[in-house]
Amino acid sequence: SWAVGAILALLASLILAANVLVAIVLLFLIPKSSNKGLCFVLNLAIADTSVGFTVMSLAIDEISQPFYPSQKFCTLRMAFVIFSSAASILSLILVACDRHLAIRKPFHYVQLVTGQRIGMRLVGLWLVAATIGFLPVFVPVFQSFSDCGKCSFFHVFHPAYLLTVFFIGFFPALFLFLYLYCDMLKIASVHVQHIQEVEQAGLAGGCPPPRTASDMKAMRTVAALIGCFTLSWLPFCVASIVLMFCPECFPYKIIEHFLWLLGLGNSLLNPLLYSYWQRDVRLQLSQLAACVKRRVL
């Protein structure tokens, strides 16, 4: 318990530090930028920050063993974990959809992505995440508490609820990610083909195509998000499904101590990806660091 608690505390600290820093940078950047899609990135940082808080609370529980929580306490605790994780995954989907829309309809993007529509999507995102996370709290049939002295998914929630979350939440999100990336790849390839035809006709004048660079940058960002999301959460989901149908086929400790931590690590990778891929975020981060350095010195 001490080892697991220390790992959870370290992971939570890194998640909180990285996402809070990215959120601060975006708060300075959004008023100066014309890219309204950064609001979805800010929402992703906020959702991952909530994941960090839930992980820190679980770390405190591990370190304070022996700990004998009640059924209501465990149900609420794990509901908050699923709620924050669902908000993070849904935020990833919104970011991917925003980049897909910017590539598919670049000339109508400003008219389609307005402040009112962004607000409605974000409110809907948090309502859906709350519905997914707190469904077992209001539907007792999805609860299955075992007196083991520890809060965990398989000791609190009924397997039917977990299967519902996996097959209605995780796998559709993964398939949607793959569809968006494949469609962006197709659009970018068409753009490259048209540019090559223009260059062969001698009409390009040697000017580099700005849309191609922007499209490829968005594709790399979404591809990195898909890869990290899949590597982080797919092993946990597959192993959990196998465990529910065949408890003797897979050790539960591996899921609890390794695969679940791997899934939570996705909330640490998201801000690192955006600070690396987004040039505006890197530039604003360097300016913020220079400002802090001047004030300190």
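Where is the kink in α9 centred?

## Helix α9

The kink in α9 is centred on Phe258 and is about 25°. The bend at a residue is the angle between axes fitted to the seven residues ending there and the seven starting there. Helices are DSSP runs of H or I, at least four residues, numbered from the N terminus. Helix α9 covers residues 252-264 and spans 17 Å from first to last C-alpha, close to the expected 18 Å. That expected span is 1.5 Å times one less than the number of residues.

Buried residues (under 20% relative accessible area, 1.4 Å probe, protein chains only; exposed is over 50%, partly exposed in between) of α9 include Glu256, Leu259 and Trp260.

## Basis of the model

This is a predicted model: local features need pLDDT of at least 70, side-chain atom pairs count only at pLDDT 80 or more, and totals for chains, interfaces and linings use all residues. Residues are numbered from 1 along each chain as its sequence is written, and side-chain values use heavy atoms, without hydrogens and water.

## Salt bridges

The whole structure holds 3 salt bridges, each a side-chain nitrogen of Lys or Arg within 4 Å of a carboxyl oxygen of Asp or Glu. Asp98 and Arg99 pair at 2.9 Å, N to O. Both residues are buried.

Arg104, Asp183 and Lys186 form a linked network. Arg104 meets Asp183 at 2.8 Å between the closest N and O atoms. This pair joins α3 (residues 71-104) to α7 (residues 159-200), 79 residues apart. Arg104 is partly exposed at 42%; Asp183 is buried at 5%. Asp183 also bridges to Lys186, at 3.7 Å between the closest N and O atoms.

Note on methods. Helices (H or I, at least four residues) and strands (E, at least two) are DSSP runs, numbered from the N terminus.
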